[in-house]
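The sequence and structure come first.

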Amino acid sequence: MHILTAHCYCVYFYPDIVLIDGGNRPKIAEAIIPYVGEQTDIFVHDFNAARLKKKHYEDILKWYDLIAFGSPSLAKFRLKRQYARINMKKDARAICANEKD
């Protein structure tokens, strides 16, 4: 099982699971788009109706399809097809090359 953690660079595989918890979840959900695939399970803690508008959680629904609720405060998502990368290795190599400069 592959798990993507914060500050993980030069990724050559899609992680199986990503858990988003902590401050500014919508920005984190957007930031990980280049590093996840269509089959990656993305879990967002404290995703509920009360936070949709108040915390801009509706932004997460722009990039991800809601698959299920694991509990009243944990939601499972998958990356929408139009945002999925075709060749992760190529993208990761380009990112790594830019980071070395």
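## Overall make-up

The secondary structure of this protein comprises 4 helices and 4 strands. The model is a predicted one.

The protein has 101 residues, of which 31% are buried. Its exposed surface comes to about 6500 Å², with 54% of that supplied by carbon and sulfur atoms. Among contacts with a separation of 6 or more, 52% are between residues 24 or more positions apart.

The 4 strands form an open sheet in the order 1-2-4-3, and the pairing is mixed. Strand 1 and strand 3 are the edge strands, each pairing on one side only. On average, neighbouring strands of the sheet are turned by 25° against each other, direction ignored.

Two of the pairings can be described in detail. Strand 1 and strand 2 are parallel and share 4 bridges; here Ile-20 stands opposite Val-44 of strand 2. A hairpin of 2 residues connects strand 3 to strand 4. Within this pair, Ala-68 stands opposite Lys-76 of strand 4.

## The nonpolar core

The largest nonpolar core holds 17 residues, and the members that touch the most others are Ile-42, Ile-60, Tyr-64 and Phe-77. At least two residues of this core come from each of strand 1 (17-20), strand 2 (41-45), helix 3 (60-63) and strand 4. The most is given by strand 4, with 3 residues.

What does Ile-60 contact, apart from its neighbours within four places in sequence? Its partners are Arg-25, Pro-26, Ala-29, Val-44, Phe-47 and Phe-77. Of these, Phe-77 is also one of the core members that touch the most others, and Val-44 is the residue that Ile-20 stands opposite.

## A loop residue: Gln-82

Gln-82 lies in the loop between strand 4 (74-79) and helix 4 (88-100). Is this residue buried or exposed? Gln-82 counts as exposed because its relative accessibility is 58%, and the cut-off for exposed is over 50%.

In sequence, Gln-82 and Trp-63 are 19 residues apart. In space, the C-alpha to C-alpha distance between Gln-82 and Trp-63 is 8.6 Å.

Technical notes: Residues are numbered from 1 along each chain as its sequence is written. This is a predicted model: local features need pLDDT of at least 70, side-chain atom pairs count only at pLDDT 80 or more; totals for chains, interfaces and linings use all residues. Side-chain values use heavy atoms; hydrogens and water are left out. Buried means under 20% relative accessible area, exposed over 50%, partly exposed in between (1.4 Å probe, protein chains only). A nonpolar core is a set of buried Ala, Val, Leu, Ile, Met, Phe, Trp, Tyr and Cys residues joined through side-chain atoms within 4.5 Å. Contact means heavy atoms within 4.5 Å. Two strands pair if DSSP finds at least two bridges between them. Axes are lines fitted to C-alpha atoms, for helices over the stretch in contact, and angles run from 0 to 180 degrees between N-to-C directions. Accessible areas come from the Shrake-Rupley method with a 1.4 Å probe; for residues, only the protein chains shown count as cover.
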